[in-house]
Amino acid sequence: MDREALVAELPLPLAGDDDLAVVAIAVAVEDAFDIVLNDDEITHARLGTSAGVLETLRRHLGES
Amino acid sequence: MCGICGVLSFDGPPDRELVLRMMGRLHHRGPDGSGYYRDHRVALGHTRLSIIDVGGGAQPMSNAQGSVWVTFNGEIFNYVELRDELVALGYRFRTASDTEVIVHAWEAWGEKAFTRFNGQWAIALWDSSAERLVLSRDRLGVRPLYLTQHRDRLLFASEVKCLFADPETSRGFDAEGLAQTFTFWSTVAPATVFAGVEQVEPGTCVVIDAGGRRTARYWAPDFPARGEEPGQDLQENAERLRELLVEAARLRFLRSDVPVGAYLSGGIDSAITASMVARYTDSPLHTFSLRFADADFDEGSYQAEMVSRLGAQHSDVVVDAADIAGVFPEVVQHAEVPILRSAPAPLFLLSKLVRDSGYKVVVTGEGADEVLAGYDIFREARLRSFWARNPRSAVRDRGVELLYPWLSRSPGQAPAFARQFFGRNLDTADPAQSHRPRWDSSAALLTMLAPTWRAATEVDVAARLVDRMPATQASWDPLSRAQWLEMTTLLSGYILASQGDRMLMANSVEGRFPFLDHRVVEFANAVPSRHKLLGMDEKHLLKRAFADLIPASILKRPKQPYRAPDAASFFTASRPEWVDEMLSESTTRAAGVFEPSIVTALAQKCSRTGGARMSNTDNMRVLAVLSTHLVHHQFIASGAAMSDLSPAEPMTIIDRVATPQEA
């Protein structure tokens, strides 16, 4: 599946700024993409939206 | 739904009186009638709870020639479609029952017949022309089937108590069965807690003939390699899951000649089951719920919301600690195993309500948590894997705070302890990584054992279980491995047995489980794990599939597992006498399983605290001691006596051995 489709499966955007909810999204992202995020990526608020997850993935994979 | 039993004799005809005693001990499983078939090799007994073809389905049943005989407990839900196939092949039917379908399916397809059945069954089939006895059990172990073999005969039955009707059956605990129970919370088939007693493994049949005895597997839970799942589209998978579940629910609700009710727990699974019935059938719906006097366990507000939405006729029973303690000895007598939770007791009272309300069949949501990843243990394993990828991370361990939000002392309230507890053995290469914390904590029970049993149970049951995992498990997603372990241990050994079949059939009620339709299971096993457990969202695919039928308040509530008060149930001021008796030093020494000083200290602690605010481990210890001693007292102790009822009338007798006086 393409990256956008996988990200579209995630329950986003998150409501509020619950940092535990962000951890749960990080769990889902790692599971879907078989990657290991670093702590900065996990704690970053970008994981709260689809666009933010895509950006995180691009950076993580060295695409930007 | 019924009870079955029988004897295969290697030396002369089976003893008629023995078969009648065995049938009598199954009276509760079949109060509507009984029957037996006997020839010079075999006797097949049956006690009937009449549900399909009430007038014509008496058992044992044979083909027209009388060469194939069947005694059967359960339902073949696709019997109508199979019957059409068999009629097209030239078979003629004398009844409208699913039992006769089994007879002709055996003639047409032999052992492959079991792969065609959609249902829940324990079958004993005697093919007299081949002198072959076949004992078959459904794919997931919904229906029980036990056997034991002596020098000159083999006995089988739906319940172990029937096997003890034969004085030659030895009575004692089995070391490996106890070790499994005190590790996994259940035995793993073919083991049982009784030495010399086996159970037929789910998904297999045992064949005994002149060539000896063999076990043939016709089904096993399987999963694709991670990344190679056939369907990757979340929405398409949700729609397909709904189609399959609706069909499974329709089959289980409509294929009955008596009214079918539905359990309603307040959770998602039973809400979906009941909603499917309401939406997709024209039948009136009667729902049944369990409520607790203790608000910590009660889900009454969610039940009320669903009842109102469904417009169902509704009945409930409110259970308190005294109720649990009051029925617990009877519960253990039906469960026939040590149980580490009191949870079966309220379910015993719920099935009594169903029966008293005039129903003898209910559909329930059992199996959804195993098949679609609802249990906390799956979330826990996912988080521990997440943590294990970088144990030095400063944020990954925070995930444990997401676990068990329903616990009064949740990890979120004691994160330091939670990190210490869940952070042990973060070894992702371990195929059983998901279950190690539970198994390790349960195995604390083994330290209570008396020296003899402690030595005897020093077998690594976990390693043996891992050895039984399919070789392909290495390619599976970690969630699939966890699901395999859960299906192989707790589902058939506890959820469907001690909390399922036994508590239902104790009051002559049949349970039907749409989530355990094998087509649902096979489909769910094949979808990507992330669809079932999306990050930390359990049963995500199921919620998506039924979002329009279930109110958001239930759909979005945190998963609350079914629980009941454990130790606290047994140490109220008005506790029954049997509690002190089962914790006494004399009982402990007579049973010989536990170290008396440890039991005495535990009993004193409970008396001091009233059984309240005890740790999970202490709750397990209390239940383990009480239930193990009850099992010993009821089944093993010298002088243990089981009431011998007469099998229910009318009785169908086909006896090819009987003297004129006996007939």
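A: A residue is called buried when its relative accessible area is under 20%, exposed when that area is over 50%, and partly exposed in between, with a 1.4 Å probe and protein chains only. The model is a predicted one, in which local features need pLDDT of at least 70, side-chain atom pairs count only at pLDDT 80 or more, and totals for chains, interfaces and linings use all residues. Residues are numbered from 1 along each chain as its sequence is written, chains are lettered from A and ligands numbered from 1 in the order in which they are written, and side-chain values use heavy atoms, with hydrogens and water left out.

Helices (H or I, at least four residues) and strands (E, at least two) are DSSP runs, numbered from the N terminus. Chain A has four helices and zero strands, and along the sequence its pattern reads α-α-α-α. Its radius of gyration is 11 Å, close to the 11 Å that the globule rule gives for 64 residues, so chain A is as compact as a globular protein of that length; the radius is taken over C-alpha atoms, and the rule is 2.2 Å times the number of residues to the power 0.38. Taken along the principal axes, the C-alpha atoms of chain A fill a box of roughly 30 × 25 × 20 Å.

Within chain A, helix H4 (residues 50–60) has as its buried residues A:Gly52, A:Val53, A:Leu54, A:Thr56 and A:Leu57. The cover over these buried residues includes helix H1 (3–8), helix H2 (19–33) and helix H3 (39–43) of chain A. After H4(A) comes A:Gly62, which has a positive phi, near 70°.

Contact means heavy atoms within 4.5 Å. Among the contacts in chain A with a separation of 6 or more, 47% are between residues 24 or more positions apart. Accessible areas come from the Shrake-Rupley method with a 1.4 Å probe, and for residues only the protein chains shown count as cover. Chain A exposes about 3,100 Å², of which carbon and sulfur atoms supply 51%. Lys and Arg count as positive and Asp and Glu as negative, while His and the chain ends are not counted, and each charge is placed at NZ of Lys, CZ of Arg, CG of Asp or CD of Glu. On this count chain A has 4 positive and 14 negative side chains, and the centres of the two sets lie 10 Å apart.

Chain B accompanies this part, with 27 helices and 18 strands. Its radius of gyration is 24 Å, close to the 26 Å that the globule rule gives for 663 residues, so chain B is as compact as a globular protein of that length. Of those 663 residues, 65% count as buried, and residues 24 or more positions apart account for 73% of the contacts in chain B with a separation of 6 or more. The mean positions of the 71 positive and 81 negative charges of chain B are 4 Å apart.

Two places in chain B can be followed residue by residue. In the loop between strand E3 (42–48) and strand E4 (61–62) lies B:Ala58, which counts as partly exposed at 35% relative accessibility. Leaving aside neighbours within four places in sequence, B:Ala58 is in contact with B:Arg48 and B:Thr652. The loop between E3 and E4 also holds B:Pro60, and a cis peptide bond, with omega about -5°, joins B:Gln59 and B:Pro60.

The other place is the loop between H13 and helix H14 (415–422) of chain B, where B:Pro411 is found. B:Pro411 is buried, with a relative accessible area of 7%, and, apart from neighbours within four places in sequence, its contacts are B:Val400, B:Glu401, B:Leu403, B:Tyr404, B:Ala418 and B:Phe422. Helix H13 itself (residues 376–388) has 13 residues and reaches 18 Å from its first C-alpha to its last, close to the 18 Å expected at 1.5 Å a residue, where the expected span is 1.5 Å times one less than the number of residues. H13(B) is mostly covered, with 13 of its 13 residues buried.
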